[in-house]
Structure formats: C-alpha cells, structure tokens
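Hi,

Here is the structure I said I'd pass along.

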Amino acid sequence: MTDFESFKKQALQELLEWLRVPSISTLPEHKGDMERAAAYVRSALERAGMARTELIHRAEHPMVYGEWLGAPGKPTLLLYGHYDVQPPDPLDEWVSPPFEPQIRNDNIYARGATDDKGQTWILVKAVEWLMQRDGRLPVNVRFLIEGEEECGGEAVARYLSEKPAQLAADAAVICDSEMFAPGLPSICTGLRGIVYGELHVEGARQDLHSGVYGGAAPNPLMAIAEILTALKDRDGHILIPGFYDRVVEPAPAEMEAWARLPFNEKEYLEKEIGAKELTGEPGLTVFERTWARPTLEVHGIRGGFTGEGAKTVIPARAVAKISMRLVPEQQPEEAVQQLRAAVESATPRGVKAEFRLLHGAPASLVDPENPFVKQAAAAMEEVFGRKTVFIRSGGSIPIVGLFDEHLRIPSVLMGFGLPDDNLHAPNEKFHVPNFYSGIEAVTRYLERLGA
Ligand code: BES
Ligand code: MN
C-alpha cells in the first residue's frame with residue numbers, strides 16, 4: 001500500500017490528466033469531450049471502490065453516479081461536483097494553454113483547475129484513500145458528478161424531481177467554493193440565485209446605410225443601451241419595479257461576523273479586481289453588495305460591425321446577454337416577469353425587444369448550526385489549525401436549492417479555492433497545497449461523521 005503522501009501526489013497527476021479534457025458544456029462542439037470527461041471520472045469512482053457506478057443520461061450531458069452503502073446505521077453523504085467548465089476565451093491571455101495544465105509556483109494552471117474538477121477530485125480521492133487504507137468507509141456515500149452546472153442545464157433538476165429516492169442522503173457535501181483568504185478554512189453558507197438570458201432587439205428588415213437612413217431608422221444597439229440603462233442606475237441600483245420587494249437582509253449577527261473577517265478593501269480592489277475603483281450601491285459594504293444584494297450584469301453584446309476598421313451601418317438586430325443575481329426569497333420566475341415588464345416599458349420606439357430565458361435558479365442559505373456543517377468546520381479546523389469562518393458567496397450553485405427542495409437535505413459547502421484563482425477567467429489556477437489539505441479535510445470529515 002502506498003503512503004498518504006505518495007497517494008496525494010499520484011492524485012495530482014491523475015487530476016492533470018482529467019484537466020486535459022476540454023469539457024465545455026455550453027459549446028456543442030465539445031459533446032465528445034464531455035463524454036470523455038464523464039467516463040474518466042466514472043472509472044476513477046470504480047477504482048475508488050464504489051460498489052456500483054452509472055452514467056445517467058437525462059439531457060445533453062451525462063451525470064456520473066457512484067455508490068458505496070456498506071456502513072449500515074451510519075450517515076449517508078451525497079458527494080456532489082461538476083466536471084464541466086466554462087469556455088476558456090480570451091485564449092491569448094493565458095500564460096499556458098487552458099487545457100494543457102502546467103504547475104507553476106505550486107499552482108495548477110488550467111480551465112477547471114478549481115472550478116470544479118480540482119475540487120471534485122478532492123472528494124473522489126478522500127474516499128479512495130479511506131477505502132484503500134481501511135478496506136471500507138466510515139459512512140455511506142453516493143457520488144453525483146454532473147456536466148451541466150456551468151450552463152444551467154436541466155439534467156440534474158429533472159433527475160432529482162423524478163427520482164429523489166435514488167439519491168436519498170442525510171447531507172450533501174460540495175467542494176465548489178472558496179476560502180476567504182489563504183490558510184483560512186471557510187464554509188459557504190449562502191449563495192446567490194441567478195436568472196440568465198438574452199435580450200433580442202430587432203429594428204429594420206435589414207442592415208442600413210447609416211448616412212442615408214441615420215436620423216430616420218431605429219438602431220437596435222442604441223435601443224439595447226437605452227434599455228440597459230433604464231434597468232440599472234449609475235449607483236448600481238436596479239430600477240425594475242418590485243425587484244427589491246422580497247429582498248431579506250442578513251441577520252445582524254451574520255453581518256457582524258462579516259465585519260470581523262480579515263479584509264482590506266484597497267487590496268481587494270488592486271489585487272483581485274484591478275480596476276480604478278469599486279462600484280455599486282453606496283453605503284453598503286462589499287460583502288453586502290456581493291453576497292446579500294441582487295445585481296444585474298451584461299455579459300456580452302452582439303450586433304453590427306465589430307471587426308477592425310470602419311463600417312457605417314445601422315444593424316437590423318442586436319442581442320445582449322444579461323443576468324440577474326438573486327438573493328434569498330426572490331423567485332426566479334417572478335424576477336423574469338418583472339424584468340420582461342421593465343424591458344417592455346423601456347423599449348424605445350421603432351424596435352421590438354424580447355427577453356429569452358436560458359436558465360434560472362433561486363438563492364440558497366445553509367444553517368451554520370446544522371450538525372453536518374459543524375462537523376465539517378471542526379474537520380477543517382483540525383487540518384488548517386485555524387478557526388473555520390462562515391462566509392457567503394455571490395456565485396450560484398443551483399444544485400444546493402434543488403437538494404433542499406427535492407431531498408430535504410442541507411449542503412455542506414467546504415471550499416478550497418482561493419479568492420485570486422481566476423474562476424471563469426484566463427489563467428484559472430488551483431493551489432496545490434489546498435488540493436492536498438482538501439483531501440485531508442474531507443478524509444477527517446468522513447472519519448468524524450462515522451465515529
Ligand atoms: N463554483 C461556482 C460558484 C461559486 C464561485 C461559488 C465562487 C462560490 C464561490 C459555480 O461553478 C459557478 O460558477 N456557477 C455559475 C452558475 C450558473 C452558470 C448557473 C455562476 O455562478 O455563474
Ligand atoms: Mn463555475
């Protein structure tokens with residue numbers, strides 16, 4: 001039998017292999033890579049000693065399932081991760097290519113390194129280590145590793161509502177979030193929800209000469225600009241009627257805990273953001289603005305002439321990709337209705353505007369007093385030698401709300417990413433020591449729950 005140190009090194013090598021597969025769920029041309037990435041993790045689950053594994057096809061990309069239920073009377077954990085990744089563009093900003101993982105300064109650079117192949121690998125390898133060492137596990141486990149998290153796919157939602165019994169568990173464990181600071185063990189207790197879609201705007205029947213018709217013809221790109229500025233003001237306040245009606249403020253105790261977090265706004269601005277100044281609603285802290293307040297963002301605008309040089313044209317149509325992040329109690333369906341109404345009243349003369357929904361998920365909260373959460377905090381404390389902090393994140397993990405709704409179980413969000421890991425951006429990285437500590441922490445967690 002190998003010792004733990006060589007086991008972890010071997011685990012790292014296997015992770016690098018997995019990271020070579022460009023499993024980009026949102027791009028149809030990567031369908032085959034999605035199948036390969038799923039097959040890779042399935043065989044890893046088999047090698048880890050799962051008694052049964054399965055590829056579940058429900059929508060576009062398969063889900064990978066694995067179970068070992070040989071510890072009667074002990075808790076059952078649902079270990080969740082996702083093998084799909086975000087598109088890697090802009091490619092020329094990567095120091096090494098996104099799907100040719102490279103280790104520099106103790107960091108793995110690759111798309112998916114932290115989000116979420118690296119962190120999913122922590123769960124797989126912690127289980128494999130215990131199995132290899134003891135021939136059994138201290139608790140029962142079911143793995144669910146999906147391939148549509150990054151594109152808001154329906155596969156998991158459909159499966160959970162059809163067959164909740166197949167995934168029956170006492171708690172879910174998810175490694176797909178961040179530590180608040182290097183070396184500071186962190187559990188995420190709140191995520192924002194999301195509504196993502198496209199704003200389609202149509203003007204003239206076809207593109208027009210902007211000199212000949214400018215002044216008389218409607219311009220869909222201008223219309224998009226007008227609509228967007230009517231949706232959100234310069235202070236970051238969303239102008240959609242009724243949008244804030246359900247927003248719940250965090251409890252004073254939670255905000256006091258946030259105020260005690262080691263945070264330097266100037267450093268955050270310079271190191272993480274790299275802009276001239278922060279924006280957003282005045283009078284609120286960065287934590288409130290990013291964790292507890294809804295937002296509206298535009299991700300891309302398509303239309304007209306965007307190549308080098310000059311072309312004088314009034315485009316016939318344009319599209320903006322936009323999303324709203326939601327906080328607890330806001331309902332995605334209601335937010336979409338409110339958005340559509342606001343778009344309608346902001347649409348200028350001469351164009352037709354339509355919001356097409358791509359996906360949505362509500363926000364979620366986890367009770368820090370839940371015994372499964374407390375044990376996780378204690379396990380992380382043992383490994384990192386510091387008290388675990390409870391934080392929220394502005395990101396979304398749609399499965400958390402679904403586990404709550406269909407399985408009635410809490411999700412324990414043990415995160416091992418770092419704030420500067422460049423998720424969804426060029427040069428995504430994962431700190432190798434965090435990968436190793438993650439395996440140790442999850443191992444300790446399972447041992448504690450089985451004791
Ligand atoms: N892991 C992230 C979310 C996250 C990031 C949680 C940092 C906590 C800290 C997740 O994979 C993600 O990016 N989700 C998407 C959701 C979506 C496309 C439905 C997101 O938030 O944009
Ligand atoms: Mn992500």
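Predicted model: local features only at pLDDT ≥ 70, side-chain atom pairs only at ≥ 80, totals over all residues.

I'll start with empty space. Rolling a probe the size of a water molecule over the atoms shows where empty space is left. Here, the structure has one cavity of 30 Å³ or more. How much space lies in the largest cavity? About 60 Å³. Its lining is made up of Gly242, Phe243, Asp245 and Arg246, together with Gln330, Gln331, Glu334, Ala335 and Gln338. Sorted by class, that lining comes out as four polar, three charged and two nonpolar residues.

Next, a helix pair. The axes of α1 (residues 4–19) and α2 (residues 31–47) come within 10 Å and cross at roughly 155°. An angle over 145° counts as roughly antiparallel, so that is how α1 runs relative to α2. Which residues meet there? On the α1 side they are Glu14, Glu17 and Trp18, and on the α2 side Ala37, Tyr40, Val41 and Arg47. The contact splits into four nonpolar and three charged residues, with no polar ones.

Most residues other than glycine have a negative phi, and most peptide bonds are trans. These spots go the other way:

- Aspartate 89 and proline 90 are joined by a cis peptide bond, with omega at about 0°. Proline 90 sits in the loop between β3 (76–82) and β4 (102–104).
- The peptide bond from aspartate 115 to aspartate 116 is also cis, and its omega is near 5°. You'll find aspartate 116 in the loop between β5 (107–109) and α3 (117–134).
- Asparagine 105 is not a glycine, yet it has a positive phi of about 50°. This asparagine belongs to the loop between β4 and β5.
- Glutamate 329, not a glycine either, has a positive phi of about 85°. Its place is the loop between β13 (317–326) and α10 (332–346).

Is asparagine 105 buried or exposed? It is exposed, with a relative accessible area of 69%.

If you open the model in a viewer, two places to start are the cavity lining, with Phe243 and Gln331 among its residues, and the cis bond between aspartate 115 and aspartate 116.

Cheers

How values were computed:
Residues numbered from 1 in each chain as written. Chains lettered and ligands numbered in written order. Heavy atoms only, no water. Axes fitted to C-alpha atoms, helices over the stretch in contact; angles between N-to-C directions. Helix = DSSP H or I, 4+ residues; strand = E, 2+ residues; numbered from the N terminus. Parallel < 35°, antiparallel > 145°, perpendicular 65-115°, else oblique. Contact = heavy atoms within 4.5 Å. Nonpolar A, V, L, I, M, F, W, Y, C, P; charged D, E, K, R; others polar. 1 Å grid on protein atoms, 1.4 Å probe; cavity = no way out; pocket = protein on both sides within 12 Å on 5 of 7 lines; lining within 4 Å. Points joined across faces, edges and corners; volume = space filled by probe spheres on them. Buried < 20%, exposed > 50% of the residue type's maximum accessible area, 1.4 Å probe, protein only.
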